[in-house]
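These notes are meant for a colleague who is opening this structure for the first time. Please read them with the sequence and the 3D view side by side.

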Amino acid sequence: MATPTLQRPRYVYYGGRVCLWEDAVFHISHEAVLRGLNVFEGLKGYWQPDGSFGIVALRRHFDRLRRSARLMYMPFDTSFEEFAAAIDALLTVQCDRQRDAWIRATLYGEEGHWGVGSTSNLVLTAYSTAPGRPAPVRAGVSTWQRAADLALPSRIKTSSNYQVARFAKFEGRARDCDDMILLNQWGRVAEGIGACVLIVRDGRVSTPPAWEGALESITLDVVEGLCRAAGIDFARRPVERSELCIADEIGLVGTLCEVTQVVALDGREVGQGPVLGSLAESYHLAATGVEPFAGLDIARMPGLTQGGNRPAT
Ligand code: PMP
């Protein structure tokens, strides 16, 4: 899987405008620094066949960011139009014409001791990604758990929820796994560390619902729609660990990883059956605009066209 965070882009959107990367800094007294207060979204944009640049499900990402902020009592008064314009402004000066982009939209807490007089700052960073479908991965089941809803709700996309991902990543590295799957407090499958989990058994697709400890995934809703359109049975239901071990196919689903096939789980080979292969292909064709799908909205960025976006200076 791509590791876009290793890039150091020239520009960042910070404090209401595009500025240089090195100028986007927080004070040590800010809530984001002191208590890790933030909520965020990971968005993906692809060059489309007509030369435009499109962001997948932009409105839905904005809505989820607003919901995460609401759950965390963080002020977020940016309108959808302002949000879209901010992404466009950043990509216009930075987007690589040969590559797609991954955009992280983070709302950082600044002022506000335990929520009194809170202020927040929307920051956008964009990283280029190689075109094409993500490579299959070797996965493992982590000994670390997704936190319970009453401890740290998995519905909130806040980086605190990714501390456990760090544990799992280190564990995975030691076990020769590219990615890891977290169980919930009941020992059933919750989700991946940055993706939801799909299994296929006898041609039927199943995925753990949000109340099993998964983020309310936007990509999963699209995949559900693709399954419906293809006549594939799709169920949101609890998935036990042993079912994962005997699944015909396993996939990871998310904005960045699209539908990534799992080729091995804890050393057991996992089949590369027809169901996830065709879903992965359909999703990618829809996201890249090659075969549009009504259930997947692509928001065009007005500042970018393949021939004409302003080069970064
Ligand atoms: N779970 C986690 C923990 C994630 O980080 C992501 C990626 N945002 C997902 C699931 C998939 O969500 P989405 O399809 O909305 O990207």
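1. D266 counts as partly exposed, at 32% relative accessibility, where buried means under 20% relative accessible area, exposed over 50%, and partly exposed in between, with a 1.4 Å probe and protein chains only. Its place is in the loop between strand 14 (258-265) and strand 15 (268-269); helices (H or I, at least four residues) and strands (E, at least two) are DSSP runs, numbered from the N terminus. Although D266 is not a glycine, it has a positive phi of about 50°.

2. A word on the basis of these notes: this is a predicted model, in which local features need pLDDT of at least 70 and side-chain atom pairs count only at pLDDT 80 or more, whereas totals for chains, interfaces and linings use all residues. Residues are numbered from 1 along each chain as its sequence is written, and side-chain values use heavy atoms, with hydrogens and water left out.

3. D202 likewise is not a glycine and has a positive phi of about 50°. This residue is found in the loop between strand 10 (196-201) and strand 11 (204-207), and with a relative accessible area of 69% it is exposed.

4. Q261, which lies in strand 14, is buried, with a relative accessible area of 13%. Its side chain is joined to that of Q272 by a polar contact of 3.5 Å, a polar contact being a pair of N or O atoms within 3.5 Å, of which, within protein, one must be able to donate a hydrogen and the other to accept it, while residues adjacent in sequence count only if both atoms are side-chain atoms. Not counting residues up to four places away in sequence, Q261 touches R133, P136, V137, E249, I250, Q272, G273, L276 and G277, where contact means heavy atoms within 4.5 Å.

5. Turning to the ligand, which residues are the closest of the 16 that surround it? They are Y162, E191, S217, T219 and T255, and a residue belongs to these surroundings if one of its heavy atoms lies within 4 Å of the molecule. The shell around the ligand divides into seven nonpolar, five polar and four charged residues; here Ala, Val, Leu, Ile, Met, Phe, Trp, Tyr, Cys and Pro count as nonpolar, Asp, Glu, Lys and Arg as charged, and the others, Gly among them, as polar. Helix 5 (218-230) and strand 13 (249-254) each supply at least two residues of this shell.

6. An N or O atom in the side chain of Y162 is 2.5 Å from an oxygen atom of the ligand, a polar side-chain atom of E191 lies 2.6 Å from a nitrogen atom of the ligand, and a backbone N or O atom of I218 lies 2.9 Å from an oxygen atom of the ligand. Of the 380 Å² of accessible area that the ligand has on its own, the protein covers 95%, the areas coming from the Shrake-Rupley method with a 1.4 Å probe, and for residues only the protein chains shown count as cover.

7. S154 is found in the loop between strand 7 (137-145) and helix 4 (163-174), and at 8% relative accessibility it counts as buried. Leaving out residues up to four places away in sequence, S154 touches R146, N161, E191, A210, G213, A214 and L215.

8. The largest nonpolar core has 34 residues, of which F53, I55, L58, F83, I87, L91 and L124 touch the most other members; such a core is a set of buried Ala, Val, Leu, Ile, Met, Phe, Trp, Tyr and Cys residues joined through side-chain atoms within 4.5 Å. Helix 3 gives the largest share of this core, eight residues. Apart from it lies another core, of 28 residues, among them V200, L226, I232 and L296.

9. Q94 also lies in helix 3 and counts as buried, at 19% relative accessibility. Q94 and Y11 are 83 residues apart in sequence and 6.9 Å apart in space, C-alpha to C-alpha. A polar atom of the Q94 side chain lies 3.4 Å from the backbone nitrogen of R10, and, leaving aside neighbours within four places in sequence, Q94 is in contact with P9, R10, Y11 and A126.
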